[in-house]
Amino acid sequence: MPLDQNSKRDFKVIGKRVLRPDGIDKVTGKAMYGADMTAPGMLVGRILRSPHAHARIVSIDTSAAEALKGVKAIVINADLANPEDEFFADIRDNCLAREKVLYDGHAVAAVAAVDKATAKSALRLIKVKYEVLPHVTDVDEAMKADAPVVQEGRADESAPAGSSQNVTSHFEFGHGDLDAGFAKADKIIERSFKTAATHQGYIEPHACLASLGSDGRGELWCCTQGQYNVRTICSEVCGIEASQLRVTASEIGGGFGGKTTCFIEPVALALSRKSGKPVKLVMTREEVFRATGPTVSSSTDVKIGMTSNGRITAAQAKLRYQGGAFPCGTVEFGAQAAFAAYDLEAVQTLGWNVMTNRPKEAAYRAPGAPMAIFAVESVVDELCQELGLDPLETRLKNAARKGTLSSYGPTFNDIGLVATLEAAKAHPHYTAPLGENQGRGLSCGFWFNFGGNTCVSLNINPDGTVGVVEGNPDIGGSRASISMMAAEELGIPYEKVRTVITDTNSLGFNDVTDGSRVTFAVGLATIKAARAAIDNMCERVANIWGIDRDAVEWVDGAAQPAGPNAGSHPPMSLAEIAAVADQTGGPIAGHHEVNADGAGVSFGVHLCDTEVDPETGATKILRYTVFQDAGRAVHPDYVEGQMQGGSVQGIGWALNEEYIYGDDGRLQNAGFLDYRVPVASDLPPIETVILEIPNPGHPYGVRGVGETSIVPPLAAIANAVSRAAGVRMTELPISPPKLLKAMSERG
């Protein structure tokens with residue numbers, strides 16, 4: 001659906017800061033989260049996990065546990081199905097290990113018992129005999145020819161000949177003549193970078209309540225970013241028909257991409273099927289860290305050439321991402337995003353996906369992009385320092401814009417990068433004075449955004465209110481934005497609309513809430529559904545008035561004659577039409593389903609000021625400003641919240657957060673005490689500047705905003721710290737010991 005005249009009109013609801021529909025329920029404790037559901041006769045599930053990073057399972061003896069009073073079921077991998085598709089087989093083998101445990105915390109067996117204490121006792125009675133194998137947790141080490149092999153035979157046809165068996169796929173993007181480009185440069189800088197794996201850090205651990213009968217009919221309640229995706233995965237992994245499993249999404253206490261797959265739901269269903277009782281399974285925080293997907297860790301080489309006046313002549317990046325013990329595809333996104341902000345004549349990005357003995361990675365807000373852009377933007381900043389150039393002007397000189405052939409293939413349409421850079425240039429933050437041991441960092445950021453399969457029903461109630469039914473869990477305010485778009489299109493107050501998230505049996509298939517897709521795609525479908533309802537209402541009014549349908553138009557929430565030739569009928573409001581619906585043809589509804597495209601890419605620019613303590617290496621964030629193109633800010637509060645939230649997560653990633661593995665391959669900091677996320681006292685107020693460059697692929701001009709905000713912080717902070725400390729930092733996080741060591745070596 002292209003951008004239409006609606007994007008140019010004066011909106012009455014869109015752009016307002018209306019009350020969030022879920023606010024009262026959440027602050028009063030009424031909202032139902034994953035662990036809040038109960039059922040009569042419910043059992044408690046617990047999972048036994050591997051203490052080894054890599055080991056062969058020689059035997060599992062569950063007899064003593066089965067004999068324990070109160071134990072109703074024990075399942076292992078053999079109790080699950082055998083999907084033909086490798087994607088589902090990998091999820092099965094991640095939920096319960098098959099022949100080998102592949103990382104510390106890998107699930108081996110699960111118990112359902114009458115209470116938590118009994119379940120814990122049963123776990124201690126399960127005897128597992130292991131043959132410990134060599135392990136590898138570092139991506140560069142895993143790529144070596146003599147590295148321990150995590151899984152054999154998992155490389156696809158793209159993996160280069162002679163690679164380690166841990167290299168599962170390879171990607172390459174670019175255009176132009178690199179050698180000729182580098183020959184034109186006055187300065188070439190080549191650097192290597194590393195980033196640690198980080199967790200999404202959602203407050204709510206994974207939780208579900210499952211009920212599955214021997215007849216293959218089941219119910220599942222869970223915290224997820226996509227109940228249809230859970231249904232698909234569980235039906236494959238448990239060997240049941242998708243139509244026989246109804247999945248309902250609870251409220252979600254944070255996801256950020258980490259709840260787009262399954263870690264425990266198939267296990268809970270298998271326990272329920274075996275026990276004949278409902279089973280609740282809730283992860284501990286330690287389990288969340290050890291056995292759910294963090295982001296990838298990375299190793300990257302970047303080489304960029306630049307003329308003395310700031311023009312980039314050639315650029316190359318080599319990205320190596322480890323995605324844990326199973327094949328992943330994240331490096332493709334990083335390779336595409338690396339140089340997307342620049343208009344380049346010669347560019348190449350190469351990427352390798354690599355297996356290690358770590359948990360299977362999961363998405364984390366713009367997966368793969370922050371690490372790649374950290375490396376690229378760091379080199380761009382260093383070139384500006386070396387050549388005495390203004391870092392913002394240099395980016396403006398090289399910025400991608402409409403008509404630019406992107407580094408990964410497509411030619412850009414309307415994009416907002418130049419506008420965000422110019423907004424940053426004009427902002428007082430950019431020229432504010434800095435003190436001793438202080439530095440200012442700048443970074444551009446990019447994300448693709450996504451549309452996908454979407455289905456919406458919109459119902460006109462007899463009392464003139466409107467119900468919208470959609471299938472995407474609300475993880476960022478989508479119920480408000482969808483209600484706002486429905487109200488805008490129908491011409492009624494926002495308070496007259498209620499949007500609800502339905503289960504998998506009540507609406508057509510919907511893709512996962514990810515890729516910043518929901519406000520764009522579900523909003524698009526909602527607008528189309530509203531227009532279908534409007535057409536229906538105008539048709540009914542035309543019949544009431546005895547005139548042609550074309551002689552009736554919809555204005556400000558009412559049907560009215562389209563012109564003087566249509567008669568002098570007084571307008572009929574939506575409420576008036578709804579009140580007589582049973583006399584004019586029955587219920588009034590609009591429905592729309594679409595595989596949406598045209599989501600439009602998103603750009604942002606971040607400014608960060610830091611102060612470094614030369615005695616301790618500690619970094620303080622002094623000021624932070626975010627500039628981002630939202631296309632159209634449907635609900636500015638939510639847009640600002642997304643921009644601020646992504647920035648805070650990026651700050652943690654840059655300064656504190658990392659998975660730390662010991663020489664034994666075991667995770668050393670599986671809890672918030674040792675895995676330190678930013679708290680309020682670590683942060684300044686984060687200022688946001690929303691720009692609106694309408695997306696031509698949406699009738700209101702909407703773009704996704706949820707992911708771009710996590711892309712620039714890593715580089716913006718690293719650039720600020722490097723300038724403040726007088727030493728270029730190339731490894732994240734920039735913890736005080738690392739920074740102090742670098743400053744000491746600099747002298």
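I call a residue buried under 20% relative accessible area, exposed over 50%, and partly exposed in between (1.4 Å probe, protein chains only).

**Ground rules.** I am working with a predicted model, where local features need pLDDT of at least 70, side-chain atom pairs count only at pLDDT 80 or more, and totals for chains, interfaces and linings use all residues. Residues are numbered from 1 along each chain as its sequence is written, and side-chain values use heavy atoms, with hydrogens and water left out.

**Glu-488.** I looked here to begin with: Glu-488 is buried, because its relative accessibility is 8%. I found Glu-488 in helix α15, residues 478–490 (helices are DSSP runs of H or I, at least four residues, strands are runs of E, at least two, both numbered from the N terminus). Leaving out residues up to four places away in sequence, I list its contacts (heavy atoms within 4.5 Å) as Arg-9, Phe-11, Lys-12, Val-13, Ile-14 and Tyr-700.

**Salt bridges.** I searched the whole structure for these (a side-chain nitrogen of Lys or Arg within 4 Å of a carboxyl oxygen of Asp or Glu) and got 41.

I then picked out Asp-637 with Arg-17, whose closest N and O atoms are 2.4 Å apart. Asp-637 sits in helix α19 and Arg-17 in the segment before α1, so this pair ties together parts 620 residues apart in sequence. Asp-637 is partly exposed at 38%, and Arg-17 is partly exposed at 46%.

Next I noted Arg-154 and Asp-90, at 3.0 Å, N to O. Arg-154 is in the loop between α5 and β7, Asp-90 in helix α3, 64 residues apart. Both are buried.
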